Amino acid sequence: MKAFKFIRNINRDLTGIEFLQLLSNYLQIPLESINQSNFYYWFSRVDLKYNSKELYKNEDLAFVAYVAAILAINKRSNTETDSTTTKKLSK
């Protein structure tokens, strides 16, 4: 929910790439490490089409940020679980 509020409080429209740069900085995830197909997926989850140069309303981008943050949390949780399982199996 914090990512949603962060983008919502920017109070200006952003291009796709501006949004991704802000979001990746906020989430502390290097933009280069995120597969580009994720961008399209996040936008599609809120019925938007991703284009790096297109201007989007910050209200719409706040929902994209929410989706991205939820997926990032889930991925981190799964990675931590997989790591713990691997450690247990290797003993």
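Is Phe4 buried or exposed, and what is its relative accessible area? Phe4 is buried, with a relative accessible area of 18%, where buried stands for under 20% relative accessible area, exposed for over 50% and partly exposed for what lies in between (1.4 Å probe, protein chains only).

The views below show a predicted model, in which local features need pLDDT of at least 70 and side-chain atom pairs count only at pLDDT 80 or more, while totals for chains, interfaces and linings use all residues. Residues are numbered from 1 along each chain as its sequence is written, and side-chain values use heavy atoms, with hydrogens and water left out.

**View A. The ring pair of Phe4 and Phe63.** The ring centres of Phe4 and Phe63 are 5.2 Å apart and the planes stand at 65°, so the pair is edge-to-face; rings of Phe, Tyr and Trp (its six-membered ring) pair if their centres lie within 6.5 Å, and planes under 30 degrees apart count as stacked, over 60 as edge-to-face and the rest as tilted. Because Phe4 lies in helix H1 (residues 2-8) and Phe63 in helix H4 (residues 58-90), the pair ties together parts that are 59 residues apart in sequence. Phe63 is partly exposed, with a relative accessible area of 47%.

View B. Helices (H or I, at least four residues) and strands (E, at least two) are DSSP runs, numbered from the N terminus. Helix H2 (residues 16-27) has 12 residues and spans 16 Å from its first C-alpha to its last, close to the 16 Å expected at 1.5 Å a residue, the expected span being 1.5 Å times one less than the number of residues. Gly16, Phe19, Leu20, Leu23, Ser24 and Leu27 are the buried residues of H2. Seen down the axis of H2, these buried residues fall within an arc of 125°, so they line one face of the helix; the arc is that of the directions from the helix axis to the C-beta atoms. Gln28, which follows H2, has a positive phi, near 60°.

View C. In helix H3 (residues 36-44), the buried residues are Phe39, Trp42 and Phe43. They cover an arc of only 95° around the axis, which puts them on the same side of H3. One aromatic cluster is formed by Phe19, Phe39, Tyr40, Trp42, Phe43, Tyr50 and Tyr56.

**View D. Thr15 in strand S1.** Thr15 lies in strand S1 (residues 14-15) and counts as buried at 17% relative accessibility. Not counting residues up to four places away in sequence, Thr15 touches Ser52, Lys53, Glu54, Leu55 and Tyr56, contact meaning heavy atoms within 4.5 Å.
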